[in-house]
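User: Please take a close look at one part of this structure and describe how it sits among its surroundings. A plain account will do.

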Amino acid sequence: MNSGKNPVKGDISGWLVRPASWHLWAVPVLVAGAQAVRVARFSPDGGMDNAIVVHAARTWLAGGSPYDDPHFLYLPSAVLAAAPQALLPPSWLRLLVPPAVTVLLAGAWALALRLHRLPLGSRFAALGLAGLAAGFAPFAHLVQLANWTVTAALALPLALLLAGRGRWTAAGVVIGAAVALKPLLAPMALLFLFARRWRALAATVLVPAAASAGAGLLMPDPAAFFTRTLPFLLKGDDSFVRLYEASPAAVLPRLGVPPGLAGLLAAAAAGVGVWCAHRRWRRADPGPLRLPETAAALMLSAFLVSRPSYDHYLLVVLPLLLAGLPYAGSVARRPWFWLTLAPQLPSLALPYLEPPRRRAFKDALTLCALAATVAAHCARRGPLRSPGRFVGPRREQSDGAARVP
């Protein structure tokens with residue numbers, strides 16, 4: 001805080017950024033730890049989605065094609081990344097994977113805090129992690145599934161932190177490495193395009209391309225991702241996957257909307273979101289909010305149209321948005337931001353939407369409302385600058401306190 005004072009009288013931000021006691025830190029440790037222990041007790045392979053990737057790696061090590069399983073939707077480079085897990089006995093995976101996912105999510109929150117120049121030992125750091133673990137249902141879902149979305153949740157704030165410090169090429173390498181594991185962060189190429197950071201853009205494309213090409217040469221069917229997985233994703237007619245997809249392109253046909261029209265509506269919404277993200281990038285306000293809000297708008301726009309799109313994808317953007325709460329003018333200070341997250345409260349039961357076959361409607365409601373809130377925030381009027389110029393963050397004070405408006 002500047003001079004230890006907050007210019008907004010009665011603002012709680014000053015209290016939030018002060019150091020937290022160990023008693024307060026015990027809350028997120030207990031909540032997140034209990035979730036990991038629960039998953040370890042009931043998930044023999046450490047999580048259903050992780051088990052799919054590990055099974056693909058075991059199939060490859062046995063001489064088969066990992067793409068024989070239609071639910072393996074990753075690039076060939078992910079097979080090599082999962083190979084170490086494939087060599088471990090299931091009992092080890094059961095014990096190691098859930099805590100590892102929890103630690104990675106905590107790391108994503110820590111990086112989001114550093115991106116916003118907030119102290120890692122603050123009350124806000126402890127309360128925010130506790131809120132994510134206890135108050136946001138997709139957090140527990142991601143730990144339970146051990147989906148590799150967690151790698152994107154960690155890589156995005158790391159890349160933005162590097163970009164905020166002027167290390168754009170390194171940011172592109174981080175995004176490219178994450179895409180090599182799971183192509184979720186591919187829309188971040190648009191951020192580098194907005195910023196005219198061509199080396200970062202090249203790294204985003206070349207790193208996963210090189211990793212996948214090299215790994216593909218080791219596969220029995222090197223082109224299987226393009227001949228099997230990509231058509232499966234584009235067709236999107238798997239009855240099991242469709243039940244849990246949260247994008248409007250998947251949910252609207254379940255309400256009677258023709259699939260073609262649903263796809264057009266989702267694409268139009270995504271296009272508006274990208275336009276709003278570009279407008280947010282061009283706004284010339286100082287401070288650390290520009291990068292995370294632009295990135296969040298791009299990712300939410302992609303989630304509107306991507307197939308598949310699940311509730312735990314929101315954990316890629318939520319830490320970025322939530323970490324901006326101490327800053328006046330952040331999207332996290334808008335009432336609609338909190339209303340959009342209400343359907344994901346674990347204790348909230350919405351009529352007719354709780355059965356597993358209908359949960360996608362609740363997830364779609366959250367996704368669409370959050371995307372609209374972030375887009376409206378990004379599109380608000382403000383001074384614009386040319387899209388190629390980047391306003392770097394101000395230096396932090398020597399005592400490590402964050403400069404929060």
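**A helix pair and the residues around it**

Analyst: In this predicted model, the facing sides of two helices can be listed by residue: α8 contributes T151, A155, L156, L158, A159, L162 and A163, and these meet W168, A170, A171, V174, I175, A178 and L181 of α9. Helix α8 covers residues 149-164 and α9 covers residues 168-181; their axes lie 8 Å apart and the packing angle is about 170°. Because an angle over 145 degrees counts as roughly antiparallel, α8 is roughly antiparallel to α9.

L156 of α8 also belongs to the largest nonpolar core, which has 105 residues. L156 is among the residues with the most contacts inside that core, together with L105, W109, L185, M188, L300 and F303. In soluble globular proteins, nonpolar side chains tend to be buried together. Leaving out residues up to four places away in sequence, L105 touches F139, L142, V143, V150, A153 and L315.

L142 is also a contact of H312, as are D49, P138, L145, N147 and T149, with neighbours within four places in sequence left aside. H312 lies in the loop between α16 (290-305) and α17 (318-322). Its relative accessible area is 2%, which is under the 20% cut-off, so H312 counts as buried. The H312 side chain makes a polar contact of 3.3 Å with the side chain of T149, a residue within the 149-164 range of α8. H312 and L145 are 167 residues apart along the chain, and their C-alpha atoms are separated by 9.6 Å.

Definitions and conventions:
Residues are numbered from 1 along each chain as its sequence is written. This is a predicted model: local features need pLDDT of at least 70, side-chain atom pairs count only at pLDDT 80 or more; totals for chains, interfaces and linings use all residues. Side-chain values use heavy atoms; hydrogens and water are left out. Helices (H or I, at least four residues) and strands (E, at least two) are DSSP runs, numbered from the N terminus. Buried means under 20% relative accessible area, exposed over 50%, partly exposed in between (1.4 Å probe, protein chains only). Contact means heavy atoms within 4.5 Å. A polar contact is a pair of N or O atoms within 3.5 Å; within protein, one must be able to donate a hydrogen and the other to accept it, and residues adjacent in sequence count only if both atoms are side-chain atoms. A nonpolar core is a set of buried Ala, Val, Leu, Ile, Met, Phe, Trp, Tyr and Cys residues joined through side-chain atoms within 4.5 Å. Axes are lines fitted to C-alpha atoms, for helices over the stretch in contact, and angles run from 0 to 180 degrees between N-to-C directions. Angles under 35 degrees count as roughly parallel, over 145 as roughly antiparallel, 65 to 115 as roughly perpendicular and the rest as oblique.
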